[in-house]
Amino acid sequence: MSMTDLPQDEPVFKRLALIGVGNIGSSIARAVKQAGNAAAHLAAFDRDPAVRARLLELGIVDSVHESAGEAVTGADGVVLCAPVGAYAGIMPEIAPHLEQGAVLTDIGSVKLAVVRDVAPLVPEGVHFVPGHPVAGSEKSGPDAGFAELFRGRFWLLTPEEGVDPAATAKIEALWSRVGAIVEVMNAAYHDKVLALTSHLPHLIAYTIVGTAFDVEEQERKDVIRFSAGGFRDFTRIAGSDPTMWRDIFLNNKEAVLEMLQRFTEDLTALQRQIRWGEGDKLYEFFERTREVRRGVVEAHQEGTNPWGGPDANGNKATSEGGKPE
């Protein structure tokens with residue numbers, strides 16, 4: 001099966017189950033409903049009873065279930081939308097209930113760790129296609145989601161060798177129908193690229209904001225009062241879900257540490273250039289980084305969604321977890 005084999009007026013999945021319905025999960029629910037041809041029935045489970053109750057009030061899914069196993073029963077598509085550190089605990093709950101031929105995917109920002117924790121627990125006859133939407137908002141919870149979050153944003157898939165191409169095609173069709181640009185890549189390559197483009201920037205943001213708030217009380221107040229745009233951007237990123245980012249750093253530590261070492265070396269060089277007044281070298285470096293910015297803008301990944309603007313709550317889609325992930 002290829003994407004072209006799926007009629008546009010026919011839902012990709014008859015029953016799609018979402019396990020975990022926070023910001024990303026609720027955005028998926030809204031986007032699937034808006035698309036109209038992504039899933040005929042949307043089932044959901046969240047471990048938090050308050051979230052389950054809120055889902056019923058919002059009406060963005062067709063059924064809310066008391067257990068993960070109940071939610072996936074009868075589903076031909078399942079999406080893990082919880083923090084990646086929770087996957088190993090979720091799989092034993094849903095594995096006995098997964099239907100033969102069902103396609104399982106996820107939204108985790110790391111992929112090698114997901115393959116490590118999930119693949120061995122996937123029952124025979126169930127297809128596993130790991131995925132990662134490179135989009136999000138720093139806000140959390142089911143009320144933070146919005147349907148336009150994925151429009152014009154990349155959704156990366158990292159299926160292992162031997163996975164049925166028809167299963168990958170179904171996941172590709174699903175996310176394409178909610179407006180995402182789907183690309184397939186190797187899991188190790190994914191983790192290395194995202195360590196530089198997403199994980200390291202978040203680590204730097206957490207560090208800068210933490211440093212700013214370690215100063216004396218009056219200075220801390222003035223840091224808040226006189227925050228320039230750059231610092232405000234760092235605080236937005238540093239306001240992201242701490243559970244999610246803890247899990248990302250712990251589960252992609254080799255790639256993050258490699259990129260952190262490169263960054264440290266570059267920072268040391270800049271330190272030296274500032275100390276010795278090497279203006280020409282500083283200018284050359286800043287000119288090169290401007291070129292990178294131009295490339296990002298031309299690729300429509302500059303931080304605001306080119307296809308759909310902010311939602312009713314003022315959320316904006318961004319290229320990753322600053323998630324405006």
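Which residue in E2 is the bridge partner of Ile-19? Select Ile-19 and look across: the partner is Phe-45. Keep in mind as you go that this is a predicted model.

Now widen the selection to strand E1, residues 13-19, where six of the seven residues are buried. On one side, E1 runs parallel to strand E2 (residues 39-45), and six bridges join the two.

E1 has another partner to find. Pick strand E4, residues 77-80, which pairs with E1 in the parallel sense over four bridges. Click Ala-17 and you'll see Val-78 of E4 opposite.

Next, head for the largest nonpolar core, which has 72 residues. The members touching the most others are Ile-28, Leu-104, Phe-150, Trp-155 and Trp-175. In soluble globular proteins, nonpolar side chains tend to be buried together. Zoom in on Trp-175: leaving aside neighbours within four places in sequence, its contacts include Ile-28, Val-79, Trp-155 and Leu-157. Thr-105 is also in contact with Trp-175.

Last stop: helix H7, residues 187-212. With 26 residues at 1.5 Å each, H7 should span 38 Å, and its end C-alpha atoms are 36 Å apart, so the two values agree. Follow H7 along to Ala-195, where the helix bends by about 55 degrees. Ala-195 is also one of the buried residues of H7, and so are Asp-191, Leu-194, Ser-198 and His-199, among others.

How values were computed: Residues numbered from 1 in each chain as written. Predicted model: local features only at pLDDT ≥ 70, side-chain atom pairs only at ≥ 80, totals over all residues. Heavy atoms only, no water. Core = buried A, V, L, I, M, F, W, Y, C linked by side-chain atoms within 4.5 Å. Buried < 20%, exposed > 50% of the residue type's maximum accessible area, 1.4 Å probe, protein only. Contact = heavy atoms within 4.5 Å. Pairing = 2+ DSSP bridges. Expected span 1.5 Å × (residues − 1). Bend = angle between axes of the 7 residues up to and from the residue.
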